[in-house]
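These are my notebook entries on a structure that I looked up. I begin with the contact between the chains and then turn to each chain.

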Amino acid sequence: MKNAWHKVLFSFALVLMFALAACGGNEEESEENASSGENESDSAKTIEFMHLWPEGSSKQHHEIVNSIIDEFESDHPDVTVDVEILGNEQYKEKLKVLSTSNELPDVGMTWAAGFLDPYVSGNMFAPLDDILEGPLKDKFVAGTAEAYAIDDVTYGLPLELNITPLYYNQRIFDENGVEAPETFEELKEVIQTLADNGVTPVALGNKDRWTGSMWYMYLADRIGGPEVLNNAIDRTGSFEDPALIKAAEEIQELVDMGAFINGFNGLGNDEAKGYFINEQAAMYLMATWDLPEWTTNEDNPQEFRDSVEYTKFPTVEGGEGDINSYVGGPGVGLFVAENSDVKEEAKEFVTFFVEKWGERSVTDAGVIPATVVDTEGLDLPQMYIDILNDLNEASNLTLYADVQMSAGVADVHLDSIQALFGEAITPEEFAKQQEDALAAEE
Amino acid sequence: MNKVMSNKAVIALYVLPAFILIVALIYGPILITGYYGLMDWNGIGAMTFVGLENYTQLIQDGQFWQSAKHSFLLAFFSTLSLVPYLAISLILAGKIKGSDLLRKIYLIPMLLSSVAIAQLWVKIYDPNNGMLNSFLTMVGVENPPSWLADTNLVLYAIFVAILWQYAGFYIIIYYAALKGIPESLVEAAKIDGANPIQIAYKIKVPLISGVIKVTVVLAIVGSLKYFDLIYVMTGGGPNGASEVIASYMYKKAFDTFDFGYGSAIAFFLLLITLVVTWITRKLTASEDEIQY
């Protein structure tokens, strides 16, 4: 009997524990709210800032952010910056949840175009054009801030920038007596020679689909010029443009030549990169976020890192595109919440952040900022210097197609890319599928 | 003790925590999913009620039926694979040398996480450096297939990995059931002159038929809602050649931000699973319960 009552008591205790735990959470939250309220009444202002570079996984980023915040706070004694840090995926989730209850942080991070869209149409982000026209005028590399614009209003300021060079392995090239190609014809010759010698010409992890998209985008750019693809996507043009179909034909010709690694449609990008790093493939088209792999990453053998070179994607004879046009795009950018109660301070903080970040990100973290960098006197691996100089001469930057498109169309695009590379569809079907998807959205 | 346990209030109290959890975590979300399935919703903005539009779209969605076909194929092969598992268990449960060790070996895949298994098989299937193709090249095959990139092979290549993953699970269930058969029955059969195959086929298998039925249901239901290896190994590609219902649902909801449609798929999957389970139960139903 006594035993039984013990059990009853125990289960009561359990229930109470749950109840208390639930209350506890609430209490903490309300305390937080109360304290931030107090701050405001003391005229000391708090900017809530959410970012996605935890100390564990992105140490250098994390440190730069902290020191920028410290500097900002000492410049503005009446403002404190309250930081919350989450990993990439959790960050995206939390941002979504916060936005549904209209509780976005004053400043946070966002991605360009497609990601931005629902937040802008929900009127969550503040326009930042006044900053772009004012303190940060002409600071950004052409085409980067534009990626955060919807209907000519800019809602985000980019921090990172990636372009996509064609990396190649000089040692393999030397062994096979080929040189870095400057035209598409030369590229095909290089590929033919390598394939004949039993060397895998190009590492491509097309399971991830966006990897193949980069190849297609470059060909579209080189054949039809920078505007065709953009026009097809923003509906001033059509995806069934002859240049876009021609680019798809070229892709299939490359596939027929055996340009891409055996089984590329089943390989992930990391695996494909593994082939390039193991010197089992001669070329690899990837964005500059991989630069540390070829320069500073000690995990890769020195011999390999010494033999990696890069070239701009070759031009197509008779094509419209010029060699200084790049496929690429800004990575994360900063937004200011529309309903922020400290909007002015938040904007000031964002401006400050972009400037300081631009000064330090390359040297301290190896990240290319979206702001123009003066390479004079910078202590960096040569490949960084070259790329930064190329960037300053860039004539155009075409944002990754899957980022430009809305999520639904991007999925059609990516699936079509995989089917095109797998030769499951013809170039005409490839163009039509996407034209239909884009048209259906209008 | 009895007095306490027959007190309705106490019973309710004991059941309550589990009841709250199951309602909050299982039945509640099912209802909410059904509700979302009637909406046009991108996961962030406002929802618009569209009635059964998602479902009419679903019925006409070729890609959905393609992935449904793959899910049913998986269910078919999973059920078929129960036969060799049963055979292996019959051998293991007999008195053979090293059966203890073998049983543990078969169980190992169960102990690995799905993602680890997926990575393992991705490495095995790697078209150029993989174990399988290296072996095939060694024995003289000229152009070994690139397993995960070939639209005709990819589905079956993943099935092999899935069946391997669950082998230990079913073998251990059968093994435990077979160990539960009274020794005296087997001995009586032996005295009557039954050979080992007759004992297995006529005595042991009928005695564990209840367990077999359960495993059939488990295999079918598990296959219909299968997700893990597919998602990690190919993400449903290339060109949807290895897409199953659950991976298609994930893709719609989380990659293309069509939560309404994703929810409709999820709810439809629930209905399919319920119907199939009911049919399986009907088909395998038998009158008499076995009495020892």
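**Entry 1. The contact between the chains**

I looked up the contact and found that it takes 27 residues from chain A and 27 residues from chain B; two residues are in contact if their C-beta atoms, placed from the backbone, lie within 7 Å. The model is predicted: local features need pLDDT of at least 70 and side-chain atom pairs count only at pLDDT 80 or more, while totals for chains, interfaces and linings use all residues. Residues are numbered from 1 along each chain as its sequence is written, and chains are lettered from A and ligands numbered from 1 in the order in which they are written.

Helices (H or I, at least four residues) and strands (E, at least two) are DSSP runs, numbered from the N terminus. H17(A) gives the most to this side, with six residues. By class, I recorded 11 nonpolar, 12 polar and four charged residues on the side of chain A that touches chain B. Ala, Val, Leu, Ile, Met, Phe, Trp, Tyr, Cys and Pro count as nonpolar, Asp, Glu, Lys and Arg as charged, and the others, Gly among them, as polar.

**Entry 2. The two chains**

For chain A I noted 18 helices and 14 strands. The C-alpha atoms of chain A fill a box of roughly 80 × 65 × 50 Å along the principal axes. Of its 442 residues, 44% count as buried; a residue is buried if 20 or more other C-beta atoms lie within 10 Å of its own, exposed if 12 or fewer, and partly exposed in between, with C-beta atoms placed from the backbone.

Chain B has 14 helices and two strands. Its C-alpha trace spans about 75 × 75 × 30 Å along the principal axes, and 32% of its 292 residues count as buried.

I found chain A divided into domain 1 (44-160 + 331-373) and domain 2 (163-328 + 393-441), with bounds that come from an automatic or database domain assignment. Their C-alpha centres lie 31 Å apart. In the contact between them, 11 residues of domain 1 meet 14 residues of domain 2.

I then looked up the largest nonpolar core, which has 189 residues. Such a core is a set of buried Ala, Val, Leu, Ile, Met, Phe, Trp, Tyr and Cys residues joined through C-beta atoms within 7 Å. Among the residues with the most contacts inside this core are Ala220(A), Val350(A) and Tyr174(B). Helix H8 (residues 154-179) of chain B gives the largest share of this core, 16 residues. Both domains of chain A give residues to this core, so it lies between them.

**Entry 3. A strand pair and a loop residue**

Strand E1 (residues 45-51) and strand E2 (residues 79-85) of chain A run parallel and are joined by seven bridges; two strands pair if DSSP finds at least two bridges between them. Val81(A) in E2(A) is the bridge partner of Ile47(A).

Where is the place of Ser340(A)? I found Ser340(A) in the loop between strand E13 (333-336) and helix H14 (343-365) of chain A. Ser340(A) is partly exposed because 18 other C-beta atoms lie within 10 Å. Neighbours within four places in sequence aside, Ser340(A) is in contact with Asp106(A) and Ala346(A).
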